[in-house]
Amino acid sequence: MQSALVYITLPGERIPLKSLVIGNTIKTNKQDVNITKSLEIETKHAGWFWIDQQKIAICHNPIYYTPEIEDYVIVQVTGKNSEYYFCDLGNGLIYNLNQMDFEGATKKNKPNIQIGQFLYARVIELNHYLKGKLSCINPQSKKEWTTGENLFRELIGGVIVDLPLNFVQSLLSSQTKPELFKEISKHSSFEVCVGKNGRIWIKGNDAVLIINLLKRCAPLQLEQQLNLINKFASQFQQ
Amino acid sequence: MQKIYFPGELIKHKNELQSGIGTYVKDDKIYASMQGSLTINEQLISIFPSHQQDPELKIGSIIIGQVNCIREDRVFVRILKINGVKVNNYIEGVLRKQNIRLHEIDLLEMNKCYLPGDIIKARMISYGDSLKLYLSTAEDELGVLFAKHQETQKLMIPLSWDEMLCVESGLKEKRKVAKPNFNQLV
């Protein structure tokens with residue numbers, strides 16, 4: 001991400017718009033920021049003020065997930081058309097997924113996904129008045145959907161849980177693999193998938209135990225999380 | 001005060017009388033079909049309507065309307081004026097994706113053409129099949145006349161065939177814009 005202004009705001013502060021506008025278009029996050037009649041930006045939350053070429057927002061700990069382009073999310077299918085699947089992101093938003101948007105899919109050879117199934121997909125397009133778009137094509141590899149090895153696919157088996165947004169997004173934003181999962185992998189083997197809208201999928205023999213540990217770990221610091229896992233080392237089956 | 005008749009109300013038994021405008025005959029009786037007051041002229045019964053009628057719609061007439069809601073391939077428009085005359089009732093029209101412009105219909109994005117709340121100028125091309133008329137904006141002088149900027153909620157004026165400019169803040173947005181009439185300025 002490019003650098004931003006380092007400035008902490010309180011709710012209710014006013015900043016004139018002319019000093020911030022870089023080009024011809026702006027895009028504001030309506031949950032964080034208002035624009036008043038006299039063309040000033042009025043803040044709604046306390047946090048770090050973020051300005052970019054793409055948006056103006058405030059970084060705080062939100063409850064609801066606001067989607068952005070190139071996010072990897074876990075969605076659930078709620079309906080079906082002749083052309084599209086309707087997928088639920090978890091905060092009242094429903095997005096479209098084209099039925100042919102899998103790698104190597106033709107009209108006679110495309111996956112048949114039932115209603116209620118969970119998928120791992122990528123956000124392509126956002127729209128305020130119409131539904132946004134998702135896709136299951138990975139631009140970095142060419143594996144077809146018939147092999148089970150592509151990145152964006154159905155999640156079969158396993159358990160899904162909803163966790164607080166700041167915990168899940170901190171797991172995704174670290175450059176190396178997070179230490180929490182490294183510590184758990186010393187005791188048992190499992191398969192994990194993390195979605196940016198606050199959902200985690202785990203498959204394995206110890207799935208229920210790992211999920212309960214993650215729920216307890218969410219408000220703690222890193223050292224306390226590792227201590228908590230080591231306490232339960234004897235309870236893992238594998 | 002004259003009595004006002006409502007649609008479906010019985011006026012008289014038909015005894016060598018003829019039915020005129022605003023009435024119909026059923027089972028040898030004359031009923032009213034419009035809301036209005038009664039006039040009798042030389043054995044002719046007719047009803048004079050008490051509210052203004054809509055202006056006449058012909059194929060090719062210019063329509064000014066407001067966009068109600070948008071879909072992926074259609075735009076629903078509420079009609080405000082027909083050929084310059086104000087409309088008193090609620091009439092709707094449909095603008096389909098292939099009638100918005102002439103070139104590159106496949107690559108059209110509805111976000112960059114019309115948004116709800118815009119005021120557009122269109123031409124009627126057919127009476128349609130169900131309750132809605134078909135419109136078209138596939139000419140230079142048809143399209144968006146006025147619109148509101150999404151972020152600042154201020155008025156925008158046309159800048160080119162593709163863009164509109166917000167007056168107070170200087171920000172731009174994409175629409176399918178109507179060519180203004182330069183002869184009136186001179």
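This is a predicted model: local features need pLDDT of at least 70, side-chain atom pairs count only at pLDDT 80 or more; totals for chains, interfaces and linings use all residues.
**Figure 1. Charges of chain A.** The 26 positive and 22 negative charges of chain A have mean positions 4 Å apart. Residues are numbered from 1 along each chain as its sequence is written, chains are lettered from A, and side-chain values use heavy atoms, without hydrogens and water.

**Figure 2. Fold and surface of chain A.** Chain A contains four helices and 14 strands (DSSP runs numbered from the N terminus: helices are H or I of at least four residues, strands E of at least two). Its C-alpha trace spans about 60 × 50 × 30 Å along the principal axes. Of its 238 residues, 37% are buried (under 20% relative accessible area, 1.4 Å probe, protein chains only). The accessible surface of chain A is about 14,200 Å², and carbon and sulfur atoms hold 50% of it (Shrake-Rupley method, 1.4 Å probe).

**Figure 3. Strands and extent of chain B.** Chain B has zero helices and 17 strands. The radius of gyration of chain B, taken over C-alpha atoms, is 23 Å, well over the 16 Å that the globule rule gives for 186 residues, so chain B is more spread out than a compact globule. That rule is 2.2 Å times the number of residues to the power 0.38. Along the principal axes, the C-alpha trace of chain B spans about 70 × 35 × 30 Å.

**Figure 4. The largest nonpolar core.** This core has 27 residues, and Val75(B) and Tyr114(B) have the most contacts inside it. A nonpolar core is a set of buried Ala, Val, Leu, Ile, Met, Phe, Trp, Tyr and Cys residues joined through side-chain atoms within 4.5 Å. Strands of chain B that each supply at least two of its residues include β8 (62-70), β12 (119-126) and β14 (143-148). The largest share, four residues, comes from β9(B).

**Figure 5. Surroundings of Val75(B).** Beyond its neighbours within four places in sequence, Val75(B) is in contact (heavy atoms within 4.5 Å) with residues including Val67(B), Ile70(B), Leu95(B), Met110(B) and Tyr114(B). A second, separate core of 24 residues includes Tyr95(A), Leu97(A), Leu155(A) and Cys193(A).

Key: Buried means under 20% relative accessible area, exposed over 50%, partly exposed in between (1.4 Å probe, protein chains only). Lys and Arg count as positive and Asp and Glu as negative; His and the chain ends are not counted. The place of a charge is taken as NZ of Lys, CZ of Arg, CG of Asp or CD of Glu.
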